[in-house]
Amino acid sequence: MVVIRLSRGGAKARPFYNIVVADKRNRRDGRFIERIGFYNPLAKGGEEPLRIAQDRLTYWTGVGAEPSDTVARLVKQAAAKAAA
């Protein structure tokens, strides 16, 4: 099964997450198929906190990839920002 989930990067106490498409059996920070965006929970000032390639997200969900709960929440948040 293919999932869309967060892969953690950054330093200790400075998390940075890549939004990746990966096989469910692979580790959280391990091998992935494609990177479709990022999430920076500590973004300040002019930094961009969230970016998702909507066309790639649509493609992967169309072929059966399931987003994790957190990614689903972030996608909803990004859609609300885009609409506003």
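Which residue in E4 is the bridge partner of tyrosine 39? In this predicted model, that partner is leucine 50. The pairing belongs to a set of three bridges that join E3 to E4, with the two strands running antiparallel. Zooming out, E3 and E4 sit in an open sheet of five strands, ordered E4-E3-E2-E1-E5, and the pairing in that sheet is mixed. E4 and E5 are the edge strands, each pairing on one side only. Helix H1 packs on the sheet and touches E1, E2, E3 and E4, while its direction makes about 125° with that of E3.

On to the hairpin. Strand E1 (residues 2-11) and strand E2 (residues 14-23) run antiparallel and are joined by 10 bridges. Within this pairing, glycine 9 stands opposite phenylalanine 16 in E2. Two residues lie between the strands of the hairpin, and alanine 13 takes a positive phi near 65° there. E1 also pairs with strand E5 (residues 66-67), but here the strands run parallel and two bridges join them. In that pairing valine 3 has glutamate 66 of E5 standing opposite.

Nonpolar side chains tend to be buried together in soluble globular proteins. The largest nonpolar core here has 15 residues, and Ile4, Ile19, Ile36, Leu50 and Ile52 are the ones with the most contacts inside it. At least two core residues come from each of E1, E2, E3, strand E4 (50-52), helix H1 (54-62) and helix H2 (69-83). H2 supplies the largest share, at four residues. As for isoleucine 4, its contacts beyond four places in sequence include Ile19 and Ile36, along with Leu57, Trp60 and Val71. Also among them are Ala65, Glu66, Pro67 and Ser68.

The aromatic residues are worth a look too, with three aromatic pairs in the structure. Phenylalanine 16 and phenylalanine 38 make a stacked pair, because their ring centres are 5.6 Å apart and their planes lie at 20°. This pair links distant parts of the chain, with phenylalanine 16 in strand E2 and phenylalanine 38 in strand E3, 22 residues apart. Phenylalanine 16 counts as partly exposed at 28% relative accessibility, whereas phenylalanine 38 is buried, with a relative accessible area of 11%. Tyrosine 59 and tryptophan 60 form another pair, this one edge-to-face, because the ring planes are at 75° with the centres 5.2 Å apart. Tyrosine 59 is partly exposed, with 41% relative accessibility, while tryptophan 60 has a relative accessible area of 13% and is buried.

Several polar residues in the strands also deserve a mention. Serine 7 lies in strand E1 and is buried, its relative accessible area being 8%. A polar atom of the serine 7 side chain lies 3.4 Å from the backbone oxygen of arginine 28. Beyond four places in sequence, serine 7 touches Arg28 and Asp29 as well as Phe16, Tyr17, Asn18 and Val20. Between serine 7 and valine 21 there are 9.6 Å in space, C-alpha to C-alpha, and the two are 14 residues apart in sequence.

Aspartate 23 has its place in strand E2 and counts as buried, with 17% relative accessibility against a cut-off of under 20%. The aspartate 23 side chain reaches the backbone nitrogen of arginine 25 at 2.9 Å. Setting aside residues up to four places away in sequence, aspartate 23 touches Met1, Arg5 and Ile33.

Glutamate 34, finally, is found in strand E3 (residues 34-39). A polar contact of 2.9 Å connects the glutamate 34 side chain with that of arginine 56. Arg56 is also among the residues that glutamate 34 touches beyond four places in sequence, together with Ile19, Val20, Val21 and Trp60. Trp60 turns up again in the edge-to-face pair with tyrosine 59, and also among the contacts of isoleucine 4.

Technical notes: Residues are numbered from 1 along each chain as its sequence is written. This is a predicted model: local features need pLDDT of at least 70, side-chain atom pairs count only at pLDDT 80 or more; totals for chains, interfaces and linings use all residues. Side-chain values use heavy atoms; hydrogens and water are left out. A polar contact is a pair of N or O atoms within 3.5 Å; within protein, one must be able to donate a hydrogen and the other to accept it, and residues adjacent in sequence count only if both atoms are side-chain atoms. Contact means heavy atoms within 4.5 Å. Two strands pair if DSSP finds at least two bridges between them. A nonpolar core is a set of buried Ala, Val, Leu, Ile, Met, Phe, Trp, Tyr and Cys residues joined through side-chain atoms within 4.5 Å. Buried means under 20% relative accessible area, exposed over 50%, partly exposed in between (1.4 Å probe, protein chains only). Rings of Phe, Tyr and Trp (its six-membered ring) pair if their centres lie within 6.5 Å; planes under 30 degrees apart count as stacked, over 60 as edge-to-face and the rest as tilted. Axes are lines fitted to C-alpha atoms, for helices over the stretch in contact, and angles run from 0 to 180 degrees between N-to-C directions.
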